[in-house]
Structure formats: C-alpha cells, structure tokens
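Hi,

Here is the model I promised to pass on.

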Amino acid sequence: MKVSVCVGSSCHIKGSYDVIDELTRLIKKYGVEDRVELAASFCLGDCASGVAVMSDGIILHNVNKENAEEIFCGKIYPVIKG
Ligand code: FES
C-alpha cells in the first residue's frame, strides 16, 4: 500500500519531513515494512489543513509528529492489515 506525505511548500513549512521520519519509525515499530511504500508527494490540494498524507487514496489531514502514531494506528494500520 502506498502512503504519500505531501512535501509541497505549505506542508513542508508545517513539518512534512518530521512526519516522514515519524511514519518511517512507526512502519518499523509495527513491522509492516514489507506492506507499505512510503513516498513524498507534490501538493495534494489540501494545503489549508496540512500536513496532508494520502493513504490508500484517502487524504488524512493535519498530520504532525505528535499525532502521527494515533493517525497511523487508527487510519493506516487497519487498512494495511486488511
Ligand atoms: S502543500 Fe501540501 S496539500 Fe498543498
């Protein structure tokens, strides 16, 4: 499954790279490295509520380092596990 973190200018300012670091850590922590392709993305068109993350075709809003694990566990991990 592809998870794309927006690194457009608005999301970049709000901490895209911190989100990428945190998602990388979480993907390892939960042992799903072989099931997730983490990528950076151009603007996802959701600049007002970035950092925007596209997971399985759905945009997740306002992702940051602090809430990344909650969002990962609630919205990303269940889809990975099917
Ligand atoms: S810059 Fe991230 S959604 Fe536009």
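Tyr77 is partly exposed, at 24% relative accessible area; here buried means under 20%, exposed over 50% and partly exposed in between, with a 1.4 Å probe and protein chains only. Before I go on: this is a predicted model, so local features need pLDDT of at least 70 and side-chain atom pairs count only at pLDDT 80 or more, while totals for chains, interfaces and linings use all residues. Residues are numbered from 1 along each chain as its sequence is written, and side-chain values use heavy atoms, with hydrogens and water left out.

Back to the ring of Tyr77. The rings of Phe72 and Tyr77 form a tilted pair, because their centres are 6.1 Å apart and their planes stand at 45 degrees. For the cut-offs: rings of Phe, Tyr and Trp (its six-membered ring) pair if their centres lie within 6.5 Å, and planes under 30 degrees apart count as stacked, over 60 as edge-to-face and the rest as tilted. Phe72 is buried, with a relative accessible area of 1%.

A search of the whole structure gives three aromatic pairs. One of them joins Tyr30 and Tyr77, again tilted, at 5.5 Å centre to centre with 55 degrees between the planes. Tyr30 sits in the loop between helix 2 and strand 2 and Tyr77 in helix 3, so this pair ties together parts that are 47 residues apart in sequence. Tyr30 counts as partly exposed, at 26% relative accessibility. Ring pairs link Tyr30, Phe72 and Tyr77 into a cluster. (Helices, H or I and at least four residues, and strands, E and at least two, are DSSP runs numbered from the N terminus.)

Next, helix 3 itself. It covers residues 68-81 and has a kink of about 35 degrees at Gly74, shortly before the proline Pro78; the bend at a residue is the angle between axes fitted to the seven residues ending there and the seven starting there. Which residues of helix 3 are buried? They are Ala68, Ile71, Phe72, Ile76 and Ile80. These pack against strand 1 (2-6), helix 2 (16-29), strand 3 (53-55) and strand 4 (58-60), where contact means heavy atoms within 4.5 Å. After helix 3 comes Gly82, with a positive phi near 70 degrees.

Strand 1 and strand 3 pair in the antiparallel sense over three bridges. There, Ser4 stands opposite Met54 in strand 3. The C-alpha atoms of these two are separated by 5.0 Å, although Met54 and Ser4 are 50 residues apart along the chain. Leaving out residues up to four places away in sequence, Met54 touches Lys2, Val3, Ser4, Leu44 and Ile59. Met54 counts as partly exposed, at 25% relative accessibility.

Most residues other than glycine have a negative phi, and most peptide bonds are trans. Where is there a cis peptide bond? One joins Gly50 and Val51, with omega about 10 degrees, and Val51 lies in the loop between strand 2 (37-41) and strand 3. Asp56, in the loop between strand 3 and strand 4, has a positive phi near 55 degrees without being a glycine. At 47% relative accessibility, Asp56 counts as partly exposed. Asn62 also has a positive phi, about 50 degrees, and is not a glycine either. Asn62 is in the loop between strand 4 and helix 3 and counts as partly exposed, at 42% relative accessibility.

Cheers

Key
Two strands pair if DSSP finds at least two bridges between them.
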